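Open the structure in your viewer and keep the selection tool at hand. Each stop below says what to select and what to find there.

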Amino acid sequence: MKASLLSPPGVGRTAKRSTMNNAAEIYTARIPKERKMQNKNVFLLRQETTSKVNENLKKLFAYISMKIVVTCVVCMFLALNAVATFNNFSTEKSNEACKLIIDLGNPQFIEKEHGTLISFEGCSQLLSPEKPVVPIYRKTFIFPAGAKVSMRAEPIKVKKAENMHLVSSYIPAPPGYKIKTSSYEKDAIYPEKWYEFRTMGGIKNGEHVIIAQLILYPVRYDRGDVFYADKFNIKISYKPSTGLFDADEYDLLIICPNKYKYGIKWYEELLPFVEHKEKHGIKTKLVSLDQAISGTYFPVKGRDDAEKLKYFIKNAIEQWGIKYVLFAGGRKPGIKESWYVPVRYSEVFWAEEHRYTSDLYFADIYDGNYNFSSWDTDGNGAYSEWKTVGNLIDDVDLYPDVYIGRLPARNILELKTMINKIIEYENSISNKKIVLVGGDNFENEGIEGEIVCNITAEYLPGYEIEKVYASQMDVNPENIKNALGNGATFMHFHGHGSPISWSTHKPNGFDKWEKGIDVLDLPLFFNEEYPIVVLGGCHTAMFNISLTNFPWTHGFPSPADLSSWFMKKIKGGAIASLGYTCFPVATPGEEGDLDGDGINEPDCAESGYGYMQLNFFYAYGMEGIQYLGECWGYTVANYVEHFKYPYKRWHLHTMQGFVLLGDPTLKIGGYS
Ligand SMILES: [Ca+2]
Ligand SMILES: [Ca+2]
Ligand SMILES: [Ca+2]
Ligand SMILES: [Ca+2]
């Protein structure tokens, strides 16, 4: 290897951690806000580069608000933010183009046991079975909805790394599954291109925008040779649009079960709730499912109830300006599966799982061209279809366009319990307290559950912290109940789950499970303050199970899942729950800076379900987002921005399965 073997840079990469305690110290010593702001060296539009910025670039940025932007401001702006916002483009000019250079800095060559890992600061590592591990660089640009954007990238100079053997990727697995190693074909070409350009449609900071993503692959393997490029020429073309969204009649759309078929009771039960929401300034429209899908308000479109409902939501965004959707109903009682408010099954095969419900389907209304995001682009009636072999068949946008939550009530009593709890909750103020529950989840170095929970605590400064950690005590219902006491704002569990239980291990005690918590423990929770419960684990919010259909529960029948039990508990339990309807992915171990923010942390916190849940707390604690559904939307959107492309089965599961069971307009902590 001709290039110098640089010492491995970055926090945590400097030395292999010998004990987890050391690692925990490293990660808790940092100021949380810096975690995402330390990106100065990430998006390297360096001084020497930006001083030579093409005239067109200046022209482009001249349209940024206030029109006072000079080159150096632009440089700061791009360098300090992971996302560049091009909010106030001219709407008169028809076409704009600009050129810029992305400079990734020097490559880092990290010698591993089975080969070399090449990285650039600010890149994440792309894990793909039977492929070499290569760095991937993502840069996100935001444009107004309806604009036409394209980007091209070209490496400025391609270099060859002599005699280099790249490490091969392991195969990611859900919690509880063994992570397997793999190797790659000698005559493979990977990745096939130097870059990809993709657009998505979504809501960001309350605005409907285009999320344009440029993805660079600065290292490519070609039949035994390794090539890399550290500088790229980028060309951006942009055609503006006029505003698409100006309706502002309602904020929240509630969909309740059929008004006429099931009597008017569900509808009427929700009227005091609507009144309560209105009292707090949330303009609310209550619509029953039959009204939504039979043309009471808008022309009907769609092939089945779920698609008709999704078109209805699209109309409600465009005609009423809604930002939040609440589904007030879950599965109907009975052996045959049917629903008060429909679900959509996503069909991405992974980890022995063929299909699972995804409420994200109803929140992802638009694609990058602001067309309807059907999740069934081949029109065969199978949604987000990815069979056991081959590629993803249907295009999916995934970026939420509306903030969605569901009250998974199976009868009117459960609905009543849930909405009464919400009204009571919002009319009071909760204590600032969080209960953290974790242990050792994988045989890799580090106590993943505790690492992730410790970072949660960093995001909530000023909060009273109660820890139930397997390294310190038994993780059992008594200790969890004691830690909760009379209540908390949040509970965060990070470990292994099933639809009816959650658990973890003592450090290195993988032959035994902690008692954890299961549905039978919930009746004993009598906390007066209701926390938002985040249940990190497989299937923890699998709200479609029933007494006659209970996959993944190891044979134990239960009328409902753990998340739903938390919510339907009378005088106790939770106000809302976030969990997974399927297997999410876990990334234990240490393969580099997986989220590409320029800071290397334990992988369990940088990708997979740990990363997902942490971003929920980041949204509330660091971004100051007050409403529950918006925190969910921020979380999913952030995961989409980091891990959607290139498509991986495990990331699709994680994004599509992460569900909010609760009111998306819930004011976290209550109204003061
Ligand atoms: Ca399809
Ligand atoms: Ca979308
Ligand atoms: Ca990182
Ligand atoms: Ca890492």
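**Stop 1: two helices side by side**

Select Lys 265, Trp 266, Glu 269, Leu 270, Phe 273 and His 276 in helix 6, then Ile 412, Leu 415, Lys 416, Ile 419 and Ile 423 in helix 10; the two groups meet each other. Contact here requires that the C-beta atoms of two residues, placed from the backbone, lie within 7 Å. Helices (H or I, at least four residues) and strands (E, at least two) are DSSP runs, numbered from the N terminus.

By class, this contact has seven nonpolar, one polar and three charged residues. Ala, Val, Leu, Ile, Met, Phe, Trp, Tyr, Cys and Pro count as nonpolar, Asp, Glu, Lys and Arg as charged, and the others, Gly among them, as polar.

Now show helix 6 (residues 265-279) and helix 10 (residues 412-426) whole: their axes come within 10 Å and cross at roughly 5°. Axes are lines fitted to C-alpha atoms, for helices over the stretch in contact, and angles run from 0 to 180 degrees between N-to-C directions. Helix 6 and helix 10 are therefore roughly parallel; angles under 35 degrees count as roughly parallel, over 145 as roughly antiparallel, 65 to 115 as roughly perpendicular and the rest as oblique.

A note on the model: it is predicted, local features need pLDDT of at least 70, side-chain atom pairs count only at pLDDT 80 or more, and totals for chains, interfaces and linings use all residues. Residues are numbered from 1 along each chain as its sequence is written, while chains are lettered from A and ligands numbered from 1 in the order in which they are written.

**Stop 2: helix 8**

Select residues 305-320, which form helix 8. Its buried residues are Glu 307, Leu 309, Lys 310, Phe 312, Ile 313, Ala 316 and Ile 317. A residue is buried if 20 or more other C-beta atoms lie within 10 Å of its own, exposed if 12 or fewer, and partly exposed in between, with C-beta atoms placed from the backbone.

What covers the buried residues of helix 8? The cover includes strand 17 (252-256), helix 7 (289-293), strand 19 (324-328) and helix 9 (360-363). Just after helix 8, Gly 321 takes a positive phi of about 75°.

**Stop 3: helix 11**

Move to residues 448-459, which form helix 11. Here 11 of the 12 residues are buried, so helix 11 is largely enclosed by the rest of the structure. Among the buried ones are Ile 451, Val 452, Cys 453 and Tyr 459.

**Stop 4**

Two strands pair if DSSP finds at least two bridges between them. Two bridges join strand 27 (residues 501-503) to strand 28. Select Trp 502 to see Ile 517 of strand 28 opposite.

**Stop 5: loops**

- Pro 191 is in the loop between strand 11 (189-190) and strand 12 (195-204); the peptide bond from Tyr 190 to Pro 191 is cis, with omega near -15°.
- Pro 646 lies in the loop between helix 15 (628-643) and helix 16 (649-657); the bond from Tyr 645 to Pro 646 is cis, with omega near -15°.
- Asn 163 is not a glycine, yet has a positive phi of about 45°. Asn 163 is exposed, with 9 other C-beta atoms within 10 Å.

Methods. Expected span 1.5 Å × (residues − 1).
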